[in-house]
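Hi everyone, thanks for coming along.

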Amino acid sequence: MSAESNADAYWVRIHEGELLLGAGFLVTRGFVLTALHVVSGASGNDARLDLHLPDGQRVPGRLCDRIEDSDLALIAILNAHAYDLPLAPPTDRPRPDVAWLGTYRPPDTKTALSGQVTHAPITHRSDAHGEFTGLQMTVAQLVHDFAGYSGSPVHAVPAGTGPGEQPVVGILMEQELSRADGSRDTNVVFAASVLHAAERFPYFEVGHHVGGSCTEP
């Protein structure tokens with residue numbers, strides 16, 4: 001398996017019926033992590049969702065928890081044991097001065113993103129979506145508007161690493177706006193730290209989810 005195909009195994013396209021909401025990724029075999037603004041168009045706080053995996057599988061999920069002040073959401077895969085899902089990806093803390101890779105592509109888009117982590121860890125505050133600990137990154141591709149990539153996984157690519165050694169370090173969240181005219185015409189993006197996200201969702205710390213809205217699928 002190539003480095004890109006290994007990284008490609010974890011992303012998920014999130015649908016509600018025929019409506020594509022956006023991207024997320026498998027943080028375990030039973031849960032998908034994404035940005036809350038990605039699923040803001042869902043019909044309810046516990047909406048039933050269709051999750052499309054890179055290998056063609058479609059599995060049912062349920063929006064089960066959200067962290068409003070960090071723009072994070074968690075989706076439980078229903079009956080996860082019934083599907084041949086990939087193992088959870090390796091994760092790591094954010095570090096500066098390393099290359100990054102994002103293999104997710106929005107539908108009808110050919111461009112996968114990559115670039116350099118310039119600052120990490122940082123505390124980033126979005127005017128619309130709260131505050132999170134994460135990464136500031138540059139993007140090598142001239143895409144201009146990265147909105148369709150939100151929620152997808154960010155893989156670190158340290159020098160000399162091989163297939164299977166690119167850990168997930170972030171959740172792509174938003175793009176820096178141009179200071180000149182407020183347009184989305186910059187190559188700077190921000191990602192939330194996966195480890196920060198795991199700390200915010202109590203399930204990953206104590207073996208159950210406080211409030212009972214997420215249960216082990």
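Leaving aside its neighbours within four places in sequence, which residues is Gln 141 in contact with? Before I answer, a word on what we have: this is a predicted model, where local features need pLDDT of at least 70 and side-chain atom pairs count only at pLDDT 80 or more, while totals for chains, interfaces and linings use all residues. Residues are numbered from 1 along each chain as its sequence is written, and side-chain values use heavy atoms, with hydrogens and water left out.

So, back to Gln 141. With contact meaning heavy atoms within 4.5 Å, Gln 141 touches Thr 111, Ala 112, Leu 113, Ser 114 and Phe 146. You'll find Gln 141 in the loop between β9 (130-139) and β10 (153-157). Strands here are DSSP runs of E with at least two residues, helices are runs of H or I with at least four, and both are numbered from the N terminus. A polar atom of the Gln 141 side chain lies 2.9 Å from the backbone nitrogen of Ser 114. As for Ala 112, its C-alpha atom is 8.3 Å from that of Gln 141, and the two are 29 residues apart along the chain.

Now the barrel. Six strands close it in the order β1-β2-β3-β6-β5-β4, with antiparallel pairing. Two strands pair if DSSP finds at least two bridges between them. Let's follow β3 (residues 31-35). On one side, β3 pairs with β2 (residues 19-26) in the antiparallel sense over two bridges, and a hairpin of four residues joins β2 to β3. Leu 26 has Val 32 of β3 as its bridge partner. Val 32 in turn has Ile 75 in β6 as a bridge partner, and β3 and β6 share five bridges, again antiparallel. Going on around, six bridges join β6 to β5 (residues 58-67), with Ile 67 standing opposite Leu 72.

Is β3 buried or exposed? Buried is under 20% relative accessible area, exposed is over 50%, and partly exposed is in between, using a 1.4 Å probe and protein chains only. Five of the five residues of β3 are buried, so the strand is largely enclosed by the rest of the structure. In a regular strand the side chains alternate between the two faces of the sheet. Here Phe 31, Leu 33 and Ala 35 cover one side, and Val 32 and Thr 34 the other.

Next, the packing. A nonpolar core is a set of buried Ala, Val, Leu, Ile, Met, Phe, Trp, Tyr and Cys residues joined through side-chain atoms within 4.5 Å. The largest one has 42 residues, and Ile 14, Val 39, Leu 51 and Ile 171 touch the most other members. Its largest share, six residues, comes from β6 (residues 72-77). Apart from it lies another core of 19 residues, including Trp 100 and Tyr 104.

Finally, the aromatics. Rings of Phe, Tyr and Trp (its six-membered ring) pair if their centres lie within 6.5 Å; planes under 30 degrees apart are stacked, over 60 edge-to-face, and the rest tilted. There are two such pairs. In one of them, Trp 11 and Tyr 104 sit edge-to-face, at 5.2 Å centre to centre and 80° between the planes. Trp 11 is in β1 and Tyr 104 in the loop between β7 and β8, so the pair ties together parts 93 residues apart in sequence. Trp 11 is buried at 8% relative accessibility, and Tyr 104 is buried at 2%.

Methods: Polar contact = N/O pair within 3.5 Å; in protein donor to acceptor, adjacent residues only side chain to side chain.
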